[in-house]
Amino acid sequence: MDFLNQEFYNLIDGALVKAQKGGTMNIINPANNKAVAVVPKCTAEDVALAVAAAKRAKNSWKNTYVGDRAALLYKLGALVAAHAGELIPMETAQYGGPVSKTSNFDIPAAIGEFELMAGMGRSVTGTTITADPTARILTLREPYGVVGLITPWNFPLVTAVSKLAPALITGNTCVLKPPSCAPLTVLKLAEYAVEAGFPAGVINIVTGPGPEVGEAIVTHRDVNKISFTGDSRTGKRIMELASGQVKSVASELGGKNAMIVLDDAEIDAAVETAAYSAFFNSGQNCGSPSRFYVQEGIYDEFVGRFVRAAGKIVVGDPTDPKTMMGPLAYNACRDTAERYIASAKKAGGRLLLGGERPETPDMRDGAYVCPTIFQVYDNRQEMMQEEIFAPVVGVMKVKTADEAVDLANDCRYGLCASIWTRDYRKALKLIDRLEVGTAWINQHLKIVPETPWGGCKESGWTKENSMLVFEEYTFHKHVWLELSEQPHTFWETMLDLN
Ligand code: NAD
């Protein structure tokens, strides 16, 4: 399926528009490397118009009753639901996520995110502080004003919504840049925003290359806050640019997540979750486990069964409902994965599964890599240190649980990790030492919008989802109402007032 007969537009100041300079970019289906759509390719000029519109809209949006803002978010969510039939194949075609994922997760999750944020966001409050009886002291939760939202391609729609919805409900106006390779479903959102009746300038959506359009958003003096999800390298670049104006940056970055399987683990659950969470979405999940530390008593059985289970994953055409794993998002992702596979072999890793492209006629032209598992002997190898963002993982044998935690912590990333054991007391003690933002016991990759999501270290220190996300889109303005008629000062006996 392609969308070449459809027009895709940016949304700027309430109007669906082409790029100012008329630029366009082709969107490529990674399953066959054919173009599926043509979208606007913006420049800094489009960003300037979008930011100016967002700036004009910010005061009236901030002063709109929160229930009215919520009503618009519900409407937008309902429009996504009404168009699910169109959005599901579009999401699949633009980055290769199988329909089993885009229909069961991406579109329902985006709708859920609108509903949850519209509901929860109505009760965001400031505080009162009773420290001084001569005053009433409070904090007001204020929106930042214009926020820039920059998102990746691995969950194109839902990642955009998980920024847009909390930003809007708390009274910010937005300039959103979806990923250049997969902007289609977010551009459909632009059309629905107009249909829902959002005031002009409240939501602006611009497409284009990160180094030009993304950086123009980050460096624009009227954008007060950036919320970014993507690669840690890009995150560092954005923080560097934003520091010029001391801009607040929320960053959800890469991960190299550990799954620790101890001798007393429930093995069926551990094997099934390992295969699913490592290879779901072709391993292109920031939260996927990509390094496994398995205690020696269970190592042979766990690894043998993990390899057998992963070998049964159905890889193929992402539009087939039976497909479990589609291609990677584009050819360069496959090439990167293949470079890491070659370097793991060279470094002495033992290939237990995969390591190649599926060479069937239907997949030969696509960006496919088979599920790949290496046995690794050195934690400092790339396979255990670098985010590959592909269906490529390493397993290592460990003697003790403490050794597993030490190895898990020996990494610059700190997004998430899981521990598999029947002993919850032991697991809780180990989790105290794990350097991550999210830790599961006997679970991995379970992320629901009511719970906070985010990491530490080079994975970024931000939280998305849950009530905590509102901290990212508001700041606390402290207001002091003096009650005493003659406030105390240190000069009161020294200063002559007459
Ligand atoms: P990416 O960093 O290449 O791109 C993300 C976005 O940033 C895109 O919209 C891109 O166009 C833009 N961008 C690129 N260069 C830019 C620049 N110089 N200035 C401003 N914007 C720029 O990431 P990706 O390849 O799209 O996504 C995969 C990465 O995202 C992985 O590292 C993954 O772990 C991470 N990710 C993290 C989370 C999380 O919650 N921590 C969630 C999803 C994805």
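Biologist: How many bridges join β18 to strand β19, and do the two run parallel or antiparallel?

Modeller: Keeping in mind that this is a predicted model, you can count four bridges between β18 and strand β19 (residues 438-441), and the two strands run parallel. As one example of how residues face each other across this pair, I419 stands opposite I441 in β19. Between the two strands the chain passes through helix α14 (residues 424-433), and this β-α-β crossover is right-handed.

Biologist: Which other strand is joined to β18, and by how many bridges?

Modeller: Strand β12 (residues 257-261) is joined to β18 by four bridges, and these two strands also run parallel. Here V261 has W420 of β18 as its bridge partner.

Biologist: Why is β18 described as largely enclosed by the rest of the structure?

Modeller: A residue is called buried when its relative accessible area is under 20%. In strand β18 (residues 416-420), five of the five residues are buried, and therefore the strand is largely enclosed by the rest of the structure. If you follow the directions in which its residues point, C416, S418 and W420 go one way while A417 and I419 go the other way, and all are buried.

Biologist: Is I205 buried or exposed, and which residues is it in contact with?

Modeller: I205, which lies in strand β9 (residues 203-205), counts as buried because its relative accessibility is 1%. Once its neighbours within four places in sequence are left aside, I205 is in contact with N10, L11, L176, P178, V186, L187 and A190. For another view of its position, look at A274, which is 69 residues from I205 in sequence and 37 Å from it in space, C-alpha to C-alpha.

Biologist: How many residues does the largest nonpolar core have, and which have the most contacts inside it?

Modeller: The largest nonpolar core has 64 residues, and the ones with the most contacts inside it are V80, L157, L168, L184, L189, F198 and I203. Helix α4 (residues 99-120) supplies the largest share of this core, namely 10 residues. Apart from it lies another core, of 36 residues, which includes A337, I341, M384 and A417.

Biologist: Which residues does L157 touch?

Modeller: Not counting residues up to four places away in sequence, L157 touches V80, L87, E91, I107, A110, T185, V186 and L189.

Biologist: Which residues does the domain annotation cover, and how much of that stretch is helix and strand?

Modeller: The unreviewed UniProt entry carries the annotation "domain: Aldehyde dehydrogenase" for residues 18-479. Over those residues the chain is 42% helix and 20% strand, with the end C-alpha atoms 44 Å apart.

Technical notes
Residues numbered from 1 in each chain as written. Predicted model: local features only at pLDDT ≥ 70, side-chain atom pairs only at ≥ 80, totals over all residues. Heavy atoms only, no water. UniProt positions renumbered as here; feature names shortened; annotations may be inferred. Core = buried A, V, L, I, M, F, W, Y, C linked by side-chain atoms within 4.5 Å. Buried < 20%, exposed > 50% of the residue type's maximum accessible area, 1.4 Å probe, protein only. Contact = heavy atoms within 4.5 Å. Pairing = 2+ DSSP bridges. Right-handed = clockwise from strand over helix to strand, strands pointing away.
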